[in-house]
Amino acid sequence: KLAVLAFEAKVGSPLRKLVLLKLADQANDDGICWPSYETIAEACEVDRRSVMRHVKKLEEEGFLRVERIYDTKNKKNASNRYHLTIEEGLKKQKCVNASSDNLSLGW
């Protein structure tokens, strides 16, 4: 279901969609996954920094929520936990599109 929603989402960039699809593919039934940036980058055939930018944009647009994990024992960052909220992103997208349609119609 998540992969279908990800495929239908208009996220503004083919690479951003590929990142979202990779996360959807990795997610469990609750929509949670925790691949590293490197794992996503390797699967999408891009660099780590590109993945970071696209994840940030997807989070801003409501398609996912990132839970940043810190390993206090080893005093370093661990893999993020991604909570896919694709349906929320789609709702947000529809609201933005409706607002811009209303503005263009002079409402």
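1. Which residue stands opposite H83 in β5? In this predicted model, the residue facing H83 across the strands is I32. The two strands concerned, β1 and β5, run antiparallel and are joined by two bridges.

2. That pairing belongs to an open sheet of three strands, ordered β1-β5-β2 and paired in antiparallel fashion. Because β1 (32-33) and β2 each have a single partner strand, they stand at the edges of the sheet, and one side of each is left there without a neighbour.

3. Taken as a whole, the protein chain contains five helices and five strands, which follow one another along the sequence in the pattern α-α-β-α-α-β-β-β-β-α. Of the contacts between residues at least 6 apart in sequence, 51% join residues that are at least 24 apart.

4. In soluble globular proteins, nonpolar side chains tend to be buried together. Here the largest nonpolar core comprises 24 residues, and L20 and Y82 are the ones with the most contacts inside it. At least two residues of this core come from each of α1 (2-8), α2 (14-26), α3 (37-44), α4 (48-60), β2 (64-67), β5 (81-84) and α5 (86-104).

5. Once residues up to four places away in sequence are set aside, Y82 touches L23, G31, I32, C33, W34, P35, Y37, I40, V55, L64, R65 and V66.

6. Apart from neighbours within four places in sequence, the residues in contact with H54 are S13, L15, R16 and V19.

7. As for the aromatic rings, the count of aromatic pairs comes to zero under the rule applied. A ring does, however, take part in a contact of another kind, in that the charged end of K17 sits over the ring of F7, at 5.5 Å from the centre of that ring.

Methods:
Residues are numbered from 1 along each chain as its sequence is written. This is a predicted model: local features need pLDDT of at least 70, side-chain atom pairs count only at pLDDT 80 or more; totals for chains, interfaces and linings use all residues. Side-chain values use heavy atoms; hydrogens and water are left out. Helices (H or I, at least four residues) and strands (E, at least two) are DSSP runs, numbered from the N terminus. Contact means heavy atoms within 4.5 Å. Rings of Phe, Tyr and Trp (its six-membered ring) pair if their centres lie within 6.5 Å; planes under 30 degrees apart count as stacked, over 60 as edge-to-face and the rest as tilted. A charge sits over a ring if NZ of Lys or CZ of Arg is within 6 Å of the ring centre and within 35 degrees of the ring normal. A nonpolar core is a set of buried Ala, Val, Leu, Ile, Met, Phe, Trp, Tyr and Cys residues joined through side-chain atoms within 4.5 Å. Buried means under 20% relative accessible area, exposed over 50%, partly exposed in between (1.4 Å probe, protein chains only). Two strands pair if DSSP finds at least two bridges between them.
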